[in-house]
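Let's look together at how two protein chains meet in this model. Keep the picture open as you read.

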Amino acid sequence: MNINDQQIFLMEEFKIPFFDPFCPEDWKDWYHYILYDPATKTRLLFNLCFNGRPKTGYITDTLFLTLPKGFANSNISDPAGLETFGFARNFEWHPGDLSVNPLKYDTTEISFSIYDKVTTLNVANKSAGIAFNIIGTPVATPVYIPELAPYGNGFIGWGVLPGMKMKGDIQIGNKKMLVDESWYCYHDRNFGRFFWGNIGWTWFVLNATDRNQGKWTYVLHQSNNNDYSHTGSPILFVYFQHKLKKVFLGPNVHIDIRIEKTDAIPPILPGAMASVFSDRSIFMPKTILVSAADGNDNIVLKMDVNTSSELIVPDSLNKQYTFLKELSGSANTTQVFNKKKTACTDGFFYAEIVH
Amino acid sequence: MEISSHTERPTVEILIDLIQRMIGVIRYENKFAYALLQQVTANKSTVIDLDGNKIFLQASDTSDYIVCLEKSEASAGIQFTTTFDVLQNIIAGTTTIDKSIADHSLFVQAPFQDLLNMYRLVVCLLAEGPLNPRLRSLWVEFIEKCCRPTAGSINTIEHQKPRFNSLIDNIPQSILLVNI
């Protein structure tokens, strides 16, 4: 087993000590996947989150599927416009649904496993008319940070795999699209002990290709508290051809989030929260600008938001909420490494602004 | 994993049982929501229509609070009417309570203060629902016994918000720009 394989194993290992009958209820562990098709701009985000422990805990799955407008319901679609379908569900965590070593989670509508670096994920929501089935393996350098940031009396850890080779299919209604190796796939993990409502971060993944067919991927994370009075040190990973090329840290990274001039009510999941917060109008991000430089190399990233929605996660114990702005859109990059300048247009990004 | 499902239409008795069990869960697991339920419904009665199933509800006073439910044959005086699909769409996030009222897929009629109080109660139950395993279980049972498979168009989440501009949107721009 090489170092990358060790890191992938540590990263994918299920973290909640749920065999302990006294396992604390504030444990959380989730697996996060993003699929993007450069040809149609279709993008899918899926998150599977385990909360607490069996019997008393629960499992949440969340899906956002953005497609060319009209594709799902007719034979004519507008590639210049996009529309988003999605759902967020809570399930009981029954003993026996989840096994580890190897990781396997099986219920009526979700089948998820990771074995010998092969990830298999089959998800269906009959009532929403959405399903997808994918199988794949990692291709990018993994990064594993066991304790990324402290939160309250707890912590959150992070594992990143910003490149996976996936194949499969996505179904919506009576339409089906195939996922193949031309699609970009991002995967990460978060785990830790914390309460929703007391946590926040800024995160994005950006994937773009330069005119020499060089593939660039940028992944950023910066922790923050609810009102942004405290922020952590930003970390920006730079990947080229799926290999980790550079890490920019701290004061070398500048993040500028420009917001819309008018407020609006974004689409909200889960549905119950959409009704609870139906009168809450907010200013959504419009553009994200990131620059990083360390005297040798520098990069400039410009991300224009063209889909935005909000995920509102309640905490069962403290009756408070975390608001996750889910953003995606197009991206341009300029990067100078070893005095060689390249640029990417028509890139893609997915971001979360969380408080 | 493929999409397929089949459900049968429910009876009034199943709905009455689900509502009574929901009240029982709130009574023992959320004192705030139960107190609000008592405050909002005490000494009141109503008839609701859920997908053609009419139910009469009557609540006693707060000192000895009891909610009685029975099948109703009323054809008038129904204060709440909607379908199972609309309720499912609200929880699924493809519509909201506001939009359902605005597009007439959910009808509600009562004195204004009663409407506000009932809305507060419903929002409280929606906030509590995802986190309470017994309420989640009741919702799953309702879906399994009442809701039909998705038919026709799949709904986007962008359309969950109501649009209130239909009147002004239908006025020609040239009229709107008239300087009075």
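Between chain A and chain B there are 8 residue pairs in polar contact, both at pLDDT 80 or more; a polar contact is a pair of N or O atoms within 3.5 Å, where within protein one must be able to donate a hydrogen and the other to accept it, and residues adjacent in sequence count only if both atoms are side-chain atoms. Strand β4 (residues 78-92) of chain A gives the most to the side of chain A that touches chain B, with 8 residues. Helices (H or I, at least four residues) and strands (E, at least two) are DSSP runs, numbered from the N terminus.

This is a predicted model, in which local features need pLDDT of at least 70, side-chain atom pairs count only at pLDDT 80 or more, and totals for chains, interfaces and linings use all residues. Residues are numbered from 1 along each chain as its sequence is written, chains are lettered from A in the order in which they are written, and side-chain values use heavy atoms, with hydrogens and water left out.

The rule finds 1 salt bridge across this interface, meaning a side-chain nitrogen of Lys or Arg within 4 Å of a carboxyl oxygen of Asp or Glu.

| Atoms | Distance |
|---|---|
| B:R136 side-chain N to A:E92 side-chain O | 3.2 Å |
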